[in-house]
Amino acid sequence: MNEDQDAIRTVIADMEVAWNRGDFHGYMDGFANPDVVFVSRGRIQKDWQATLDHYIADYGGAPGSQGQLTFSDIRIEMLASDAAQLISNYNLVRAAGNQTGVNTRLMRKRDGKWVIALNHVSQIEPK
C-alpha cells in the first residue's frame, strides 16, 4: 500500500471517528469545500454547506442520534498522483433506523490533503 492510499484511509477513519462522536463539522473536513458533489437519494446536493445542513437536520436531533457509523471493505484505485477512486461499504446503526449500503468516492489531492470531491451513496432499501 502506498503513502497516498494510507493518507486516504486516514481521512476516512477520521471521518468515521468524527461522525461517531456527533461532530458533523469534523466529519465534513473530509469533503472538498465548497465544491463537493454529493449524490444521495437520487438527487445531487447543492454543495458542502447543503450537505452539512442535511446531516444536521437528518441525524443531529439529540446527542447520540447520529448513531454509529462504520466503513468497511475499503477499496482504493489510484487514478493519478492527485486522484483516486474509493469504494466502500458503510453501516449506520441508530435508534431511528439502521442504514447500510455502498459509497463511491472520487478523492482529490488539494494543497497536499486528500478530500472527497464526489461522493455517491447507494443505500440498500429495506424490504
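Trainee: Helices (H or I, at least four residues) and strands (E, at least two) are DSSP runs, numbered from the N terminus, so which strand is valine 37 in?
Mentor: Valine 37 belongs to strand 1, which covers residues 37-40. Bear in mind that this is a predicted model, where local features need pLDDT of at least 70 and side-chain atom pairs count only at pLDDT 80 or more, while totals for chains, interfaces and linings use all residues. Residues are numbered from 1 along each chain as its sequence is written, and side-chain values use heavy atoms, with hydrogens and water left out.

Trainee: Is valine 37 buried or partly exposed?
Mentor: Valine 37 counts as partly exposed because its relative accessibility is 34%, given that buried means under 20% relative accessible area, exposed means over 50%, and partly exposed lies in between (1.4 Å probe, protein chains only).

Trainee: And which residues make the nonpolar surface patch?
Mentor: Val37, Ile44 and Leu118 make a nonpolar surface patch of about 250 Å². Patches are made of residues with over 30% relative accessible area and no salt bridge, joining like charges within 9 Å and nonpolar side chains (Val, Leu, Ile, Met, Phe, Trp, Tyr) within 5 Å. The areas come from the Shrake-Rupley method with a 1.4 Å probe, and for residues only the protein chains shown count as cover.

Trainee: Switching to salt bridges, how many are there?
Mentor: A search of the whole structure gives six salt bridges, each being a side-chain nitrogen of Lys or Arg within 4 Å of a carboxyl oxygen of Asp or Glu.

Trainee: What does lysine 109 meet?
Mentor: The side chain of lysine 109 meets that of aspartate 4 in a salt bridge, at 3.0 Å from N to O. This pair links distant parts of the chain, with lysine 109 in strand 5 (residues 99-110) and aspartate 4 in helix 1 (residues 3-20), 105 residues apart.

Trainee: What about aspartate 35, which residue is its partner?
Mentor: Aspartate 35 forms a salt bridge with arginine 110, with 2.9 Å between the closest N and O atoms. Here too the pair links distant parts of the chain, 75 residues apart, since aspartate 35 sits in the loop between helix 2 (24-28) and strand 1 and arginine 110 in strand 5. Aspartate 35 is partly exposed at 40% relative accessibility, and arginine 110 is partly exposed at 34%.

Trainee: Back to strands, how do strand 3 and strand 4 run?
Mentor: Strand 3 (residues 68-80) and strand 4 (residues 83-93) run antiparallel and are joined by 10 bridges, where two strands pair if DSSP finds at least two bridges between them. The two strands form a hairpin with two residues between them, and glutamine 68 stands opposite valine 93 in strand 4.

Trainee: How many aromatic pairs does the structure hold?
Mentor: The structure holds nine aromatic pairs. One of them, tryptophan 19 with phenylalanine 24, is edge-to-face, at 5.1 Å centre to centre and 85° between the planes. Rings of Phe, Tyr and Trp (its six-membered ring) pair if their centres lie within 6.5 Å, and planes under 30 degrees apart count as stacked, over 60 as edge-to-face and the rest as tilted.

Trainee: Are tryptophan 19 and phenylalanine 24 buried or exposed?
Mentor: Tryptophan 19 is buried at 3% relative accessible area, and phenylalanine 24 is buried at 9%.

Trainee: Which residues form the aromatic cluster?
Mentor: Trp19, Phe24, Tyr27, Phe31, Phe38, Tyr55 and Tyr59 form one aromatic cluster, and within this list Phe38 and Tyr55 are both buried.
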